[in-house]
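Hi,

Here is the structure I promised to pass on. Have a look, and then read my notes below.

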Amino acid sequence: MLKDCKLIGIVPTLDKARAKAFYHDTLGIEFVADDGFALVFKLPNAMLRVVPVQELTPQPFTLLGWEVTAIEDEVKALTDAGIVFERYSYFEQDTLGIWTAPNGNKVAWFKDPDGNNLSLSQH
């Protein structure tokens, strides 16, 4: 049913201007429009809608993530852009903040300005 449909990710924000700067200027995602309900961003195979909310309690889990082919390069580029990668005491992470799972997958976590947990992963 949905296997051929484009995914739409939805992320909450308390501050649309700050979110737009982060997702467009810092992460480099193409901004399409502010449609009055959300900031709309275009990715190759998905849409991201950043929705203003009145209250926000960031969740402890990953809300949105990107699969990358060279995680070390992406982490370095984002670090150079001012992104701080999270450190967790219960994961053994390398000097860049990348955790390697027992199956070889790699993950690094960072937060948006609203505290939403985001990730990069290499599978």
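Which residue stands opposite G65 in β8? S119 does. This is a predicted model, where local features need pLDDT of at least 70 and side-chain atom pairs count only at pLDDT 80 or more, while totals for chains, interfaces and linings use all residues. Residues are numbered from 1 along each chain as its sequence is written, and side-chain values use heavy atoms, leaving out hydrogens and water.

Strands (E, at least two residues) and helices (H or I, at least four) are DSSP runs numbered from the N terminus. Two strands pair if DSSP finds at least two bridges between them.

β5 and β8 are parallel partners, with five bridges. They belong to an open, mixed sheet of four strands in the order β5-β8-β7-β6. Its edge strands, β5 and β6 (99-100), each pair on one side only. Helix α2 packs on this sheet and touches β7 and β8 (contact means heavy atoms within 4.5 Å).

Another open sheet, also mixed, has four strands in the order β1-β4-β3-β2. β1 (7-13) and β2 (30-34) are at the edges with a single partner strand each, so one side of each has no neighbour in the sheet. Within it, β3 (residues 39-43) and β4 (residues 46-52) pair antiparallel over five bridges, and L43 sits opposite A46.

Cheers

Notes. Axes are lines fitted to C-alpha atoms, for helices over the stretch in contact, and angles run from 0 to 180 degrees between N-to-C directions.
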